[in-house]
Amino acid sequence: MVEVTLGSTGITVNKNGFGALPIQRISDEDAVYLVRKAYEGGITFFDTARCYTDSEKKVGMALEGIRDKVFIATKTMADTVEDFWKDLGTSLENLRTDYIDLYQFHNPSFCPKPGDGTGLYEAILEAKAQGKVRHIGITNHRLAVANEAIDSGLYETLQFPFCYLATDKDLELVSRCKDANMGFIAMKALSGGLINNSRAAYVYLAQFDNVLPIWGVQREKELDEFLSYVQNPPVMTKELEELIARDREQLQGEFCRGCGYCMPCPVGIDICNSARMSLMIRRAPSQAQLTPEAQAQMKLIEQCLHCGQCKGKCPYGLDTPSLLEKNLKDYLEILDGKEY
Ligand code: SF4
Ligand code: SF4
């Protein structure tokens, strides 16, 4: 078993964490079954968020009775003190607990600090003093905010997208966190579905002893893969090394990570999927991308108003409308019989 300690929190868990975003899409019964199975298989770190609709409730139901054997991380997107306390109260109730192991500011556009006028950091400190929160973390998709959080010395963990498609700047974040004794929680270790070999994803992250991946799990088959890594952590092989090198070559540069921060689109374009259709169709089972519903979604790109809202919100600085156009062109050619 390989374990990770999340910096100064001292939270030490198996190097496979459970990302509870996808359990929003399954029934209570199936979600409880998955979360319990994860726990029984050796996973003890569960990450959810106030804004993942009913995910917290499902996690709470599943972990009732074993609360002291697991670590629960959740997040708030509150931007006022009032909403902060409201969110925290709701999360505690949903999670059926009186404390949260790691409470994180959820992708704020700035790094909350004492005295910044928002009162948010003061509120989280007060929540810690009251024992409702044990450790304070931050999640982000922006390098600048992540770096500022490290510099501030105010956070014990950083949650950031990290996978084998990482740039040098992402790698620098990981090592800066290590130097600052901050835990690094890797979200999107499968890059939102673009990485289709979880073994390769795991072995890449295995090189970084301060990094805890949280795998977004929705199906039992996916969970079983990760549980097998709890028992038998994969090791680097020549084949995996080659696969990673190939993927890095194919996916380097500007591609949509499917993070959804540019949504909603005023004409209803499903940007997360549509802006990376060319990759999804070639890397994931393609039938799901060619259904009449998927075709109708792609055709919506023709209605784009070029309002620029999406582009302005993309943390990766992508020119989203032109990316959508490129993906539509390729998609229409595929529908016309182009080989892919
Ligand atoms: S530019 Fe197009 S895709 Fe982007 S938000 Fe506006 S309408 Fe939607
Ligand atoms: S275009 Fe940018 S913000 Fe939108 S889903 Fe893709 S990576 Fe995320």
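This report covers the barrel, helices, ligand shells and backbone features of a predicted model.

## The barrel

Eight strands close into a barrel. The order is β3-β4-β5-β6-β7-β8-β9-β10, and the pairing is parallel. From one strand to the next, the twist averages 25 degrees. In general, strands of a sheet pair through backbone hydrogen bonds, in either a parallel or an antiparallel sense.

Two of the pairings can be followed residue by residue. β4 and β5 are parallel and share 3 bridges. Here Phe-45 sits opposite Phe-71 of β5. Strand β7 (residues 133-139) and strand β8 (residues 157-161) also run parallel, joined by 3 bridges. Ile-138 faces Leu-158 in β8. Thr-139 has Gln-159 of β8 as its bridge partner.

## Buried strands

β5 is largely enclosed by the rest of the structure, because 6 of its 6 residues are buried. Phe-71, Ala-73 and Lys-75 point one way. Ile-72, Thr-74 and Thr-76 point the other way, and these too are buried.

Thr-157, Gln-159 and Pro-161 lie on one side. Leu-158 and Phe-160 lie on the other. Both faces are covered.

## Helix α2

Helix α2 (residues 55-63) is largely enclosed by the rest of the structure, since 8 of its 9 residues are buried. The buried set is Ser-55, Glu-56, Lys-57, Lys-58, Val-59, Gly-60, Ala-62 and Leu-63. Glu-56, Lys-57 and Lys-58 are therefore counted as buried, which requires 20 or more other C-beta atoms within 10 Å.

What do the buried residues of α2 pack against? Their partners are α1 (28-40), β4 (45-47), β5 (71-76) and α3 (81-94). Gly-65 follows the helix, and its phi is positive, near 95 degrees.

Helix α4 (residues 120-129) lies across β6 (100-106) and β7. The helix runs at about 150 degrees to β7.

Glu-126 belongs to α4. Glu-126 counts as partly exposed because it has 15 C-beta neighbours inside 10 Å. Between Glu-126 and Gln-207 there are 37 Å in space, C-alpha to C-alpha, and the two are 81 residues apart in sequence.

## The α7-α9 contact

Helix α7 (residues 198-206) packs on helix α9 (residues 238-251) at an angle of about 95 degrees. Their axes are 10 Å apart. The two helices are therefore roughly perpendicular to each other.

From α7, the contact uses Arg-199, Ala-200, Val-203 and Tyr-204. From α9, it uses Leu-240, Leu-243 and Ile-244. By class, these residues are 6 nonpolar, no polar and 1 charged. On an α-helix, residues three or four places apart point the same way, because there are 3.6 residues a turn.

## Ligand shells

Ligand 1 has 15 residues around it. Cys-265, Cys-304, Cys-307, Gln-309 and Cys-310 come nearest. Two elements give two or more residues to this shell: α13 (309-313) and α14 (320-335). α14 gives the most, with 3 residues. The shell holds 11 nonpolar, 4 polar and no charged residues.

Ligand 2 also has 15 residues around it. The nearest are Cys-256, Cys-259, Tyr-261, Cys-262 and Cys-314. By class, its shell has 11 nonpolar, 3 polar and 1 charged residues.

## Backbone features

Most residues other than glycine have a negative phi, and most peptide bonds are trans. Some sites depart from this pattern. Met-263 and Pro-264 are joined by a cis peptide bond, with omega about 0 degrees. Pro-264 is in the loop between α9 and α10 (271-274).

Asn-181 has a positive phi, near 55 degrees. It sits in the loop between α6 (168-179) and β9 (183-187). Is Asn-181 buried or partly exposed? With 14 other C-beta atoms within 10 Å, Asn-181 is partly exposed.

Lys-188 likewise has a positive phi, near 55 degrees. Its place is in the loop between β9 and α7. Lys-188 is buried, because 23 other C-beta atoms lie within 10 Å.

Technical notes:
Residues are numbered from 1 along each chain as its sequence is written. Chains are lettered from A and ligands numbered from 1 in the order in which they are written. This is a predicted model: local features need pLDDT of at least 70, side-chain atom pairs count only at pLDDT 80 or more; totals for chains, interfaces and linings use all residues. A residue is near a molecule or strand if its C-beta atom, placed from the backbone, lies within 6 Å of it. Ala, Val, Leu, Ile, Met, Phe, Trp, Tyr, Cys and Pro count as nonpolar, Asp, Glu, Lys and Arg as charged, and the others, Gly among them, as polar. Helices (H or I, at least four residues) and strands (E, at least two) are DSSP runs, numbered from the N terminus. Two strands pair if DSSP finds at least two bridges between them. Axes are lines fitted to C-alpha atoms, for helices over the stretch in contact, and angles run from 0 to 180 degrees between N-to-C directions. Two residues are in contact if their C-beta atoms, placed from the backbone, lie within 7 Å. A residue is buried if 20 or more other C-beta atoms lie within 10 Å of its own, exposed if 12 or fewer, and partly exposed in between; C-beta atoms are placed from the backbone. Angles under 35 degrees count as roughly parallel, over 145 as roughly antiparallel, 65 to 115 as roughly perpendicular and the rest as oblique.
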